[in-house]
Amino acid sequence: MIRSTLTSLLLACAATAFAAPAAAAHWSLTGLVETPATQRDAVRLPPGTPDQANLNRFGFYSDLSYNPRDGYWYALSDRGPGGGVIDYATRVQRLRIPYDRRSGRIGQPIIDKTVLFSARRGDSFNGLNPQLLNGDAARLGLSFDPEGFAVGRNGHFYVADEYGPSLYEFAPNGRFLRAFAIPANLQPRNAQGQLDYVGDRKLVVAGRQDNRGFEGLTITPSGDKLYAVMQDPLVQEGANNDGRRSRNVRIVEFDLRSGRSSAQYVYQLESIAALNALDPSGDDDFSATNQGRSIGLSAIHALSDRDFLVLERDNRGLGVEVTAAPVHKRVYRISLRGATDVAAQSLAGSNDLPAGVRPVDKAPELDILAALRSAGARDIPEKLEGLAIGPRLRNGKHLVLIGSDNDYSVTQSGAGEQFEVCVDRSSGERAQVPLDADCPAGKTRIPGTLIAFAVDFRR
C-alpha cells in the first residue's frame, strides 16, 4: 500500500513538472557539485583487471534524465575516452543523487548501477568509429556515440546517437530492441551519394556535419512522441551551402509507436553578431563559420507535448582543449505551435529561411553563465550537455539539474594517440600525461559537474 501511494505521488509530481506556463519560470541556483574525473562506475571487472579509463571510468553527462517512476537519475556517457579511436563498451549510469527537499541543494551522485548497451546476440555497442570497428565507413554496425537519453513509461531506454545519426530503443537491461527509421536528409553522404559515417566536410557533402548528429532527446508527457535535436545545421544548409554559416538547426519528431519520423522543425541559434557584441574587445570574436559549428544545441526536455526547454551553448570553457572565455550557455523555452514542418524542404544556399517557413518560437529562460558568475563560480564547464527536471521540493518548486560532459578528461593527438589532460585550477596551466597515468603535483583531471536549481514552474 505504501509503495503504491509513493508511486502515485511520484507520477503526480511528474505531471505537474511538465505543465508549461506562458512566462519563464523562476530559477534559483542552489549549488554546484564537482565529481573527480577518475570516478569509477559500477562495472564489475574480473580480478586482476587493470584500472583503465576505457574500462570503468564514469564518463558523466552527455545527457541526463530523471525517472519519476523509480526515483533514479540516468547519466549517459558518450563514445568513451578520445575521439572514437578507443575500444569502449557504451553505457548509461543509474544514479541516486542526494538532495535537500527544502532547499534543493545536492550531494555527490551515487552510482547504483551501470548498464551496458548490447545487441541481441550479446555483443556490446562500441564507441569506436565505423571505420575502425567495421573496416567500412559506410556501415554503422555497432558503432555508437550516444548523446541523448529518455526513459519511457515502460522503463525502456531511448538513446540518440551522433554517428548515424541514430535512434535506438533498449530494454532496461541495455539489450537492443529496435532502431527507428532515420530520415534520409539527415544521413551523411559523399559526393557519389554513398553513406560515410566517418568523413569530415571535405568528404561529406550532405546530411549531418561530422560530430554534429543527434545531441539531445526527450519523450513527451503523453508518451506518444520523441524529439531529437541535431547539434548543428546540416552540412549543405546555409550560405555557400556551408552548414557552418547557418543558424538553422533541425528538431526531429518521431512517432514512438511506428518508429518513424513524423516531422522536422527549425530552431534558430543565437546569431554570432549578437554573441560577439557581448564582448566589445573583439579579441575572441566568433568567425562566420563558427555560427553553425561552435554554437549548438546540447539538450532538450519536454514541458508538454508541444513546449520544451532546450540548452544552447558555445564550445568555450573548462575542457580538454584550451579555449577562449565562454559567453553563451543558456536555456530557452520553445514551442512547436505554428512552426513549419520542413521535413521535405532544403535549407541550402542561404542563411535565411525560405518564404513561408516559420521556425519554432523561442524565448529566454535562463542565462547559466550569469547565474554561475553571480554565485562566484570561476571555472565554467565547456560542455554543458545534460538538462533534466527532477522531483518536486517541499516548497512546490522542482529540482532541475544541468550536467557537464568532461570528455573523460582525455584528448588525442592528430595521430590518434590518447592523453590525459591535467589542469592547475588556480593558474590554468595544463599538462598532458599518458592515458591512465598520474597527474603532476598540483594538477588534476577535469571533473564532471552538476549544477542544481530550484525552479518554480507555476509562475
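Trainee: What stands opposite Ala160 in E8?

Mentor: Leu167 does. This is a predicted model, where local features need pLDDT of at least 70, side-chain atom pairs count only at pLDDT 80 or more, and totals for chains, interfaces and linings use all residues. Residues are numbered from 1 along each chain as its sequence is written, and side-chain values use heavy atoms, without hydrogens or water.

Trainee: How do you know that E7 and strand E8 (residues 166-170) pair?

Mentor: Two strands pair if DSSP finds at least two bridges between them. Here five bridges join E7 to E8, running antiparallel, so by that rule they pair. The two strands form a hairpin with four residues between them. Strands themselves are DSSP runs of at least two residues, and helices (H or I) of at least four, numbered from the N terminus.

Trainee: And what joins strand E6 (residues 146-151) to E7?

Mentor: Five bridges, again with an antiparallel run. Ala150 stands opposite Tyr158 in E7.

Trainee: Why is strand E7 (residues 157-161) called largely enclosed by the rest of the structure?

Mentor: Buried means under 20% relative accessible area, exposed over 50%, and partly exposed in between (1.4 Å probe, protein chains only). Five of the five residues of E7 are buried, so the strand is largely enclosed. Phe157, Val159 and Asp161 cover one side, with Tyr158 and Ala160 on the other.

Trainee: What makes Asp283 count as exposed?

Mentor: Asp283 has 65% relative accessibility, so it counts as exposed. Asp283 lies in the loop between helix H4 (272-276) and strand E16 (295-302).
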